[in-house]
Amino acid sequence: MGGYPFRFAALTIVATVLLALPRTLDSAATNQTQAVGNNSTSNEDILRYVDELIKNLSAGPPFMNQNLTKAVEMYALSSIPVLLRNPIFQDVVQVLVDEGGKAVKNANVSIEMSKPILNTDIQQIMSRFNFVDALTRSISVAKPLIEQLRNESDSSLFIMALNAAIKATANGISNPTLQTLWNVLTDELGPGFQKSGLQEKIVREGLGFLNNSNDTVVIIRSVLKNSNIPRLTLRLYNATKPILDSLYGGDTEFVYAGLVAVFNTANEVQNNPAYQLIFKFLQDQLVQRNNGTGELNSNTLFTYLRNMNVQTVIGTVLDFLSVRLILPYNSTVEADPISESCYADITDFLDAAKSRKAWALKMLDSYGKIPAGLEKGNINFIGSYDECVETKSDVEANPLLGKARPKYPRSVGSKYCRVRIPVPQNIIDSLGLDTKGIPLKVTWGVCVPDTCYGRDIYGMLKLDVFRNYTSLVESVDCSEDLDVTQDLGAVIAIIILAIFLFLMLVGTLYVSMETRGVFDDNEKSAKADSAYSNIAFTKDENAVKYGPIDIVKAENGQSVKEVNTANTAGLPANYVPHSESSQREFDKAIEEKSNGVSTEDRTKADLQKSSDNTVKQRKKKEGVLVGIAKAFSVQINAPKILTGTTGLNSINCIHGIRFFSLTWVMLGHTFNYGLISSAKESWSTANFVEALNIIQRFTFQAVVAGGFSVDTFYMISGMLLTYIQLKQMTKLKANFSGPKLGNYIMRYFFHRFWRLTPMYGMILLIYATLLKYIGHGPLWPNVVETSENCRESWWTNILYINNLVKVDKQCMAWTWFLANDMQFYVVSLILLFFLTLSLPIGIMVSTLLLMVGIATAIWKEYVYNGNFFTMASDGGDYWNNVYITPWCRVGAYCVGLFLGIIFYKRPRKAFSKTIGFIGWTTATAVALTLVYSTYSNNKKDGVTWTNLQNAFYEGVGRPVWSLCVAWVIFACHNDMGGHVNSILSWKGLVPLSRLSYAAYLVHPMMMILHVYSKHALFYLSDYDIIYLFLGHATMSFMCAFVVSIAFEAPFMALEKLILR
């Protein structure tokens, strides 16, 4: 068989040339042809033989018969006279002569016309003769004849193709690689050819049966089946490897590996019953298209494929098969197990969807679809959560579902699951996105039977049929219906809340009955309660001595002396997370106006006498239980919070500063807790790309600088502490004794802990145990990390060390502030002793603490070089070592200590307008510089700050900001605040200021509940952010009012009972 390729190539050229020659000769040629004799062959016979030659060439190695050979010879003889007279033929002969001359010259053979040419010389000449050039040049000069014969105006394209075919054939004949490939094919397919019986059939029937393509597919499959295809592949690859390596520019071993994988897959497909059914289905379809004859030929196949509706065929095939066949359970069970119940319910669900069952289509409709806006970052395909969970399956036992019958009837609910697919980093980099270390994940919402869990769906996606398409799937988690009755912690929390509700109802009912004269001595009791409820208090400086509980309200900022000369709003000492409150309410004297009589209508002596009598009457009538009940009364506690009354000489501007500082915190948290709190799992925004770019805006730097509001709180806390406590320490120094000192220290710490902890502890309890039962939705996580951490690290919050201990598992992460403030409060006792013993020494010690705080902050920031936007990428280094540590935040607190000393030593009075102008101008300019200077670093193509710049901004910026706010307080308190003071001191802000501690505790919870409970993604825009921020602020203060009445005000009243 080795000579076949050369014969095949040569005869291909001959057939092509013959086909190009004229099919009708002129009359002379025809007559001459007919005169040859009786054995001549007609032109039609010749052309018929040529066509037969072409067909034989297409079928395989040609077989020349005698008639065909004779026809070709007669055709050539009859055409010679015509050709000799043809100028085109003469040009062709000239080309052949030229090429022959070149061959003679290259062969270096001398030819003498008088002598015959030797055979050796002829062989030399023929070896040097360029047949390819001769043939292609001849065809080119014969272009007019070819155009005439082909009835074409321009045969350039035909001649070009013919010449290319001739050159390719010649190269193939001479190329050793192609010769090797041909030999490999004949060697490997030869045995299959012999075993298939095709050779015997050709000998018996000839090649004509190949025109009937009915058996073509069967023959090809038979040859391939009886051949060693893997070995054929290996030999073909080895033969072509040098060429493939050269084209690829490297080792192409993977090509062979891929081919082997294809053959292996083909074998698996061949043995797979699902694919056997598909093949049978397609065969049936082809038979139907062929009028049911059962004959499959190439025309039928190509016609069917050309007119086939792919979508319809796929749908028909899927309807024809059961999902159990399409998705066989053939995964690596140990690695990705699937429960039997889940697998059965999933396949029944998909079969029902194929059968167009309404409930299954509803489940399928709830799946997440690829939305618009992918370039904007809309990569969360969350689907319809509500539609999913409302659907219940209805599987019957008898009807067919996808050619399969369920084993038993059943009805199960549906469960919403999230498939998370991380976006590869190279894709993120190609898009030019800086996610600030926050990972990007595609979230796909799917609806599955509620017998499935996340691990089951993950296993389904890892089935062999999906494995090549789901390799990037990271995890699957499903929403679960949690049973609160099975959670001991949640049950205990509910019981405790029920007790508080019961106490509030009892207290409220008791006061209501008392004011209506239900009890004995109704008139006195009513007066007593009225006095207690209307809360217009005065303070006798000598009522209680030496104790820190004698100080005036922290929120009023009054001195003891001021209390003696002015009526104050006797409100509970409402500490906010940034100020020192009074150590106790006014202990015994409850001095207020009686019903319908204003304080201005009385003399001070009458008011004092009436108040003393009221107190005596109350104490005679009330016992401990009554006091506890009244401590929880809503009628008594609500006015304490809602009144806008303050003392005559109180530092009223701090109410506005507290409120606006807290709302600044809320604005920053609107982006953090309110929008991207779940970004670790999935972004809740539909355009997170724009959310990332918003950082680069100049105006957004005011949001970035929201951390300065915390330093404002620290400064106010330090100021009120020294302003109030220095007076008490001075009194203690004047009447010093050991018991008085011990009593002072005990009350100093007890009041602080009692003031902060009860409400803090109750909110922590709710957050740790009940939060996960409150909401649900496609964005609701199975585990809220900071809530789950509370089960392990709650005690660090109660001890106020959660900024130093277990910082990697913080509970209520935002309460790190309270830990710092409590630690500052503890250390401040030492500073107060120094300031009391010697004011200069105390100032020196405080200054040293300030310098150490600044230096430490600079050093730590220089080492870790972080900010708000690196917290997600630096492993918590900036957060844990710089942002929440007390030694890096104490600077602002020290500034407040110095302001309190100034208020303590300097009487309240105005100063020159020049000083006021310079102070306001400098404070405003410096504050704005601190807020907006980060724009140079955050803007697009901005200048990246060095470690030293970041360190200086972190270490010096916070105390300087506190100094600017200290100026505002100082100027407003000394009547130099103008309109600023009018705004900050507005009475409408006083109740909100009293609620600021409670609002600080609850506002992140409100934001988390909002974002996790959403059933649609949030589109980030300025208007929406403003609307969302105002909504968060409103809801937070409303919730703060409730928790303050329930958990804060009652414990302040109970403190008086304990320390009475």
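Bear in mind as you look that the model is predicted. With a relative accessibility of 59%, Leu-948 counts as exposed, because the cut-off for that word is over 50%.

Which helix gives the most to the nonpolar patch? That is helix α39, residues 839-864, which contributes three residues.

Now move on to Asn-865, which sits in the loop between α39 and α40, the latter being residues 877-883. Its phi is near 45 degrees, a positive value in a residue that is not glycine.

Then select Asp-975, in the loop between α44 and α45, where α45 spans residues 978-984. Asp-975, too, has a positive phi without being a glycine, here of about 65 degrees, and its relative accessibility of 53% makes it count as exposed.

Finally, colour the protein by pLDDT, which averages 77, with 69% of the residues scoring at least 70. Select residues 57-64, where the pLDDT is below 50 and where the model has 18 contacts beyond near neighbours in sequence. End at residues 522-605, over which pLDDT stays under 50, although the model has 268 contacts for them beyond four places in sequence.

Note on methods. Residues are numbered from 1 along each chain as its sequence is written. This is a predicted model: local features need pLDDT of at least 70, side-chain atom pairs count only at pLDDT 80 or more; totals for chains, interfaces and linings use all residues. Side-chain values use heavy atoms; hydrogens and water are left out. pLDDT is the predictor's confidence in each residue, from 0 to 100. Contact means heavy atoms within 4.5 Å. Helices (H or I, at least four residues) and strands (E, at least two) are DSSP runs, numbered from the N terminus. Buried means under 20% relative accessible area, exposed over 50%, partly exposed in between (1.4 Å probe, protein chains only).
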